Amino acid sequence: MSAAEIRTSAAVLFTALLLAVTAACTGGDGSSTSPRSSSPSGAGRAVLAVKIDNVGPARPHTGLERADIVYVEQVEAGLSRILAVYSSALPPVIGPVRSARETDLELLRQFDRPALAFSGAQSRLLPVIDRAPLDPVPPSEAPGAYFRGPDRPAPHNLYLRPQRIPFEASGVNAVGELGLEVGAPPRGGEREDSRTVRYPSASVTFTWSAERERWLVSLDGSPARTTEDDRLGAGTVVVQDVTVRPSDFRDRSGNTSPFTETVGSGDAVVLRDGRAYEARWTRSAADADTVYTTPDGQRVDLAEGPLWILYAPRGGA
């Protein structure tokens with residue numbers, strides 16, 4: 001057992017009482033997690049998506065290195081948040097878990113009724129989540145699957161044990177659900193040693209490591225590591241230029257939540273094998289896959305390893 005699991009396991013008894021209270025009240029960040037009308041069954045779930053905190057006090061992350069796909073999107077105050085997608089394998093613990101956003105609902109329409117683990121949501125958003133074609137799994141639905149770790153303050157300490165929700169890893173990489181494939185790189189491209197994606201109050205940098213054949217991740221200028229002290233890395237990175245506009249929802253402080261438009265088309269950059277490739281992205285409808293092509297219309301395939309997709313505000317990458 002790792003040091004991280006020993007620490008988190010020690011908190012289980014302490015957090016049982018806390019979870020009983022928080023499951024009925026909030027998601028730890030002022031978001032409601034009142035009981036839902038849907039009942040998780042696990043049937044037909046292709047992937048598990050987990051909303052993960054991405055501010056300094058939430059790091060290092062736990063279990064993020066096992067995600068098949070890692071999405072990064074903008075949230076309030078210009079910060080970023082992560083949506084990690086699992087299918088091929090599940091780590092014992094994932095987190096810290098945070099609240100869902102409207103952007104997640106459109107994004108996840110690309111998958112066949114995914115399970116979504118999150119700490120809660122703005123009260124007006126909860127009915128929208130209920131109507132979405134996904135299976136929500138907040139603490140109120142699976143209180144025994146969540147616990148609070150003792151190593152950091154709330155709300156940055158809520159963790160998920162995915163084996164305790166009705167979801168089983170398929171052993172198949174989730175990228176297949178998006179219609180993407182691992183294959184040879186496109187022709188051309190330019191050598192790229194490093195690429196930074198900037199949000200108003202956050203940044204993500206990818207630095208190519210030929211030795212590890214990975215793009216090593218840095219968050220807000222610091223190397224991103226897991227609780228096992230491993231460096232986070234990606235096999236392929238897609239920087240997708242998107243429109244980010246105000247939504248109809250606000251956080252508990254009154255800040256308007258941004259909405260990232262993932263249906264439409266635009267420019268993209270694909271990083272793989274130490275090179276950058278200009279690309280286009282197209283998604284014709286919410287229930288359609290996002291297609292990535294080269295400027296001459298050829299399909300873009302992925303390198304082996306985790307896929308990171310960053311929704312970069314147009315003109316901000």
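Predicted model: local features only at pLDDT ≥ 70, side-chain atom pairs only at ≥ 80, totals over all residues.
Local features were required to have pLDDT of at least 70 and side-chain atom pairs pLDDT 80 or more, whereas totals for chains, interfaces and linings use all residues. Residues are numbered from 1 along each chain as its sequence is written, and side-chain values use heavy atoms, with hydrogens and water left out.

Rolling a probe the size of a water molecule over the atoms shows where empty space is left. A cavity is here a set of points, on a 1 Å grid over the protein atoms alone, where a 1.4 Å probe fits but cannot get out. Grid points are joined across faces, edges and corners, and a volume is the space filled by probe spheres set on the points. The search gave 1 cavity of 30 Å³ or more. The volume of the largest cavity is about 40 Å³. Its lining (residues with an atom within 4 Å of a point) consists of Y71, Q110, L178, L180, T290, Y292, I309 and Y311. Of these, 6 are nonpolar and 2 polar; no charged residues occur. In this scheme Ala, Val, Leu, Ile, Met, Phe, Trp, Tyr, Cys and Pro count as nonpolar, Asp, Glu, Lys and Arg as charged, and the others, Gly among them, as polar.

In soluble globular proteins, nonpolar side chains tend to be buried together. A nonpolar core is a set of buried Ala, Val, Leu, Ile, Met, Phe, Trp, Tyr and Cys residues joined through side-chain atoms within 4.5 Å. Buried means under 20% relative accessible area, exposed over 50%, and partly exposed in between (1.4 Å probe, protein chains only). The largest nonpolar core holds 42 residues; L48, V50, L160, F206, V237, W308 and L310 touch the most other members. Another core, of 38 residues, lies apart from it and includes L126, V242, V270 and Y311.

Most residues other than glycine have a negative phi, and most peptide bonds are trans. The R59 to P60 bond is cis, with omega near 5 degrees. P60 sits in the loop between β1 (48–52) and β2 (69–74); helices (H or I, at least four residues) and strands (E, at least two) are DSSP runs, numbered from the N terminus. G95 and P96 are also joined by a cis bond, with omega about 5 degrees. P96 belongs to the loop between β3 (80–86) and α3 (102–107). A77 has a positive phi near 60 degrees. A77 is located in the loop between β2 and β3 and is exposed, at 58% relative accessible area. For E213, phi is positive at about 50 degrees. E213 is in the loop between β10 (202–209) and β11 (214–219), and is exposed at 56%.

Technical notes
1 Å grid on protein atoms, 1.4 Å probe; cavity = no way out; pocket = protein on both sides within 12 Å on 5 of 7 lines; lining within 4 Å.
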